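Here is a briefing on a set of chains and how they pack. Please view the sequence and the model together.

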Amino acid sequence: MKALRIKYLVMFLLIVCLSGIYLTIGSQWRFDTSSSIILSIRLPRLILALITGSVLALSGAIMQGILQNPLADPYLLGISGGAVLGTTVAGILFEGNIIVSVLFSFMGGLGAFFLTLFIAGISGGNRRYAMIIAGILIGSFASAGVAVLYIVFRQGISSFFYTVMGSLNRVFITGYIPLYITVCAIIVLLVMYLVSRAKRMEIISSGSDIAETSGIEVKKEILSSLVITAFIVSAVVAFTGIIGFVGIMVPHIVRRFVPMKFFHVYMFSLLGGALLLTGSDLIAKSVMSAEIPVGVITSLLGIPFFIYILKRGQDVQN
Amino acid sequence: MRKSSLLILLIPILFSIHLFSYESIISAAPNITESLIYLGQKDKLAGRTDYCDFPGLSHIPVAGSYTSLNFEEVLRINPDIVIFSGNLTDNEALFLENQGIDYIDIPMEDYRTVHEGMEYLSEITDADRGVNIEPAADSLIELFNRAECSVYIEISNNPLMAATEHSYAGSILKAAGFDIMTPSAGPYSTVSQELIIDYNPDIIIVMSKDHDISSRMGWTHIEAVKKNRIIYSTDSEIDALSRPGPRLLEAIDILRGYIESIED
Amino acid sequence: MFRIRDLRFAYAKRDVVQIETLDIPRRGLFAIVGPNGAGKSTLIKIIAGILKNYRGSIVIDSRELSDYSAAQMADMRSYVPQDTAVHFGFTVEQFIEFGQYRRMGLFTTMSASLNDRLIGTVKQLELDGLRHKSISEISGGELQKTHIARALFQDSGIMLLDEPVSSIDIHHKYEIMKFLRKLSKDKLILYVTHDIVTALNFSDRIIALKEGALIDIKRPSDMDDTVKALYGNTFTIEEIRDNYVIIEGDR
């Protein structure tokens with residue numbers, strides 16, 4: 001228990017330190033502390049990075065538990081792709097309205113997710129792999145839909161690229177600050193709700209019959225958790241575009257260092273996700289004078305990791 | 001740099017040109033289309049892109065978009081030559097070579113290459129109309145008030161992208177004595193908000209879809225925002241400012257109008 | 001009392017279970033036996049409240065099963081599934097704790113009295129040495145005992161077990177069955193087994209199912225005809241030194 005407390009403290013300090021660096025480092029690693037830039041450009045972006053990273057990592061941890069699939073990740077299950085399709089439609093129909101954008105994103109993300117689960121359900125063979133293949137298919141399908149919309153409505157190719165590869169280089173509108181805060185508050189509340197369900201999720205992941213007979217309404221619990229997870233993922237995707245692999249990398253690393261209690265796995269996933277994405281974005285925004293989409297960095301890290309999980313999964317099965 | 005680089009691009013295909021004049025042309029870029037029309041060669045236009053929206057071209061078949069050529073349509077039209085303007089890809093070059101169709105890329109991004117490029121177009125199409133743009137352009141640019149001003153030209157807001165001093169509009173303003181925000185060597189570059197705020201431009205020209213730059217968080221400290229020196233281009237102005245060609249004088253005029261509107 | 005009336009459960013439009021009447025007291029050790037496909041697991045899952053879309057009536061303590069809330073059900077009965085595999089590497093103690101998750105706070109802390117009971121349960125099943133081991137590293141018999149410990153820790157009057165000793169070594173099997181018999185002094189323990197010999201030696205009554213229908217509910221000593229009806233006329237029950245065995249006579 002004491003060791004665990006130290007781990008929490010270390011994670012916390014790492015995030016504080018990284019945030020400090022993030023706030024004071026400018027383009028091409030220049031140290032730069034002009035207060036207006038820190039407050040109005042870097043701070044909002046840091047908050048976006050922390051929230052997005054936490055949400056993506058937590059959703060990975062939750063889905064891996066519920067779906068009993070170590071490969072689950074909001075990107076690999078098609079949610080992010082569907083959400084981007086929703087956001088794009090919203091952008092064309094109602095230029096730039098944040099609330100509408102988040103709602104459309106949610107509809108797209110949830111639709112894509114259930115489509116993925118449905119396809120995985122009707123397929124024979126290994127469900128775990130079928131689910132991921134279905135998710136990648138749905139995600140690609142949604143991205144293709146986004147591409148069609150971009151071509152038809154003459155949006156720039158580079159805009160498409162930054163949406164599909166994810167970027168935190170977002171322009172925030174001063175007048176929308178109350179709206180941003182509202183969206184943040186909703187996300188934080190939903191994250192707290194999900195963390196509070198950790199013990200239930202833990203029991204459900206040990207077998208649905210065991211959970212059901214221990215007094216958990218399994219179907220209701222699973223459905224509400226999946227829908228809420230899809231919502232928070234969609235909400236951040238509406239701001240950032242598709243950022244893949246955070247949800248698969250963080251929970252797997254976390255499980256190596258934390259006892260198998262979902263509460264701690266969730267908490268460390270939140271912290272680890274924030275750390276990973278903030279670090280990745282620090283690289284994305286600082287290496288060059290031009291911006292690199294942060295999704296490029298997470299994919300470069302995440303795909304080798306995914307292959308490693310695949311290999312380890314094989315070991316476990318044998 | 002300008003003349004030599006243009007020549008290097010032309011050399012590999014020069015030998016096949018001049019043997020005869022081209023009677024059937026596919027224009028793969030809107031500025032080439034406008035240049036051909038200016039040169040009185042509209043009748044030779046056998047294909048165009050969907051971006052070529054000059055009035056009276058609707059009967060001419062579309063042979064692709066600015067970013068990619070429709071190969072089947074090119075074969076169906078079977079032109080003597082396909083003319084690009086900085087957007088020729090290796091794949092397209094390979095295809096056209098294999099099909100034995102002549103092609104040429106005439107990049108005119110920097111305004112100083114427009115005159116030369118159009119003269120070249122005139123030559124290969126046997127146009128009788130001469131090109132007389134450069135002296136006029138230079139004298140027009142002389143008319144700018146040479147304030148020591150810095151300019152950020154935004155062409156996209158998601159992601160944020162700047163037109164640099166190597167772009168068409170940027171090169172004109174640069175020649176007129178302005179300092180243009182240039183984060184990287186190409187004509188267009190993605191750019192972070194920090195860099196823009198750091199650069200602190202005196203003037204912002206907005207060619208993206210955004211219509212309210214001043215409401216962006218953190219931008220209020222920028223000189224241009226403080227003094228409300230922000231110009232939002234209309235769609236037709238954006239066309240004129242992004243199609244290097246015969247409308248060069250119009251483009252210069254638009255930019256001069258922008259600068260004058262600020263100085264009042 | 002535990003009463004079943006006109007119970008029907010259909011799967012793929014075929015009746016898997018149909019029982020006219022079945023009354024079971026609230027105390028004792030009961031085995032459900034029958035050949036493969038007799039509907040044993042289905043019946044215990046219906047009673048456990050896992051399979052909900054049955055027709056007919058199941059009344060426990062003069063209240064219909066469907067009227068209980070999930071939490072009330074958890075107080076009333078516990079369940080050990082046939083498939084005991086657990087995919088995540090929980091510790092033995094953590095898994096047993098699941099039985100009382102209803103009484104744990106967000107930070108998964110238990111009251112002192114609850115913790116004492118947990119330690120008592122662990123001792124009862126002789127799992128002391130394994131408390132902090134990962135559930136994926138223990139033997140099949142130990143895993144089965146861990147599952148029973150979790151169900152026991154749930155502290156309910158009825159315990160339902162699906163094939164609790166089907167795939168484990170004989171010494172664990174007898175240890176577990178003796179333990180269940182001891183528990184049945186003040187609980188109703190209902191278990192499914194395909195092994196008629198286990199049922200004969202460890203039950204107060206045997207519930208015999210065939211093709212979903214109830215054939216008999218009898219004491220082990222009266223099972224001779226039932227065994228013949230279930231498995232064929234060549235089988236007979238013999239008693240050797242207080243142990244029932246089955247003899248196949250066609251040799």
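Which elements do the buried residues of α5(B) pack against? They pack against α2 (30-38) and α11 (248-263) of chain B. This is a predicted model, in which local features need pLDDT of at least 70, side-chain atom pairs count only at pLDDT 80 or more, and totals for chains, interfaces and linings use all residues. Residues are numbered from 1 along each chain as its sequence is written, while chains are lettered from A and ligands numbered from 1 in the order in which they are written.

**Helix α5 of chain B**

- Helix α5 of chain B covers residues 114-124; helices (H or I, at least four residues) and strands (E, at least two) are DSSP runs, numbered from the N terminus.
- Its buried residues are V114(B), G117(B), M118(B), Y120(B), L121(B), S122(B) and I124(B).
- A residue is buried if 20 or more other C-beta atoms lie within 10 Å of its own, exposed if 12 or fewer, and partly exposed in between, with C-beta atoms placed from the backbone.
- An α-helix has 3.6 residues a turn, so residues three or four places apart point the same way.
- After α5(B) comes D126(B), with a positive phi near 55 degrees.

**Chain A overall**

- Chain A has 13 helices and zero strands.
- Its radius of gyration is 19 Å, close to the 20 Å that the globule rule gives for 318 residues, so chain A is as compact as a globular protein of that length.
- That radius is taken over C-alpha atoms, and the globule rule is 2.2 Å times the number of residues to the power 0.38.
- The C-alpha trace of chain A spans about 55 × 55 × 35 Å along its principal axes.
- Of the 318 residues in chain A, 52% are buried.
- Among contacts in chain A between residues at least 6 apart in sequence, 76% join residues at least 24 apart; two residues are in contact if their C-beta atoms, placed from the backbone, lie within 7 Å.

**V195(A)**

- V195(A) sits in helix α7 (residues 177-196) of chain A.
- V195(A) is partly exposed, because 18 other C-beta atoms lie within 10 Å.
- Leaving out residues up to four places away in sequence, V195(A) touches F263(A), Y266(A) and M267(A).

**Interfaces**

- The A–B contact takes 23 residues from chain A and 23 residues from chain B.
- On the chain A side of that contact, α2(A) gives the most, with five residues.
- By class, this side has nine nonpolar, twelve polar and two charged residues.
- Ala, Val, Leu, Ile, Met, Phe, Trp, Tyr, Cys and Pro count as nonpolar, Asp, Glu, Lys and Arg as charged, and the others, Gly among them, as polar.
- The A–C contact takes 18 residues from chain A and 27 residues from chain C.
- The largest share of the chain A side there, four residues, comes from α9(A).
- No contact joins chain B and chain C, whose closest C-alpha atoms lie 39 Å apart.

**Nonpolar cores**

- The largest nonpolar core has 148 residues, and those touching the most other members include V55(A), V233(A), I32(C) and L160(C).
- A nonpolar core is a set of buried Ala, Val, Leu, Ile, Met, Phe, Trp, Tyr and Cys residues joined through C-beta atoms within 7 Å.
- Apart from it lies another core, of 77 residues, among them M118(B) and I155(B).
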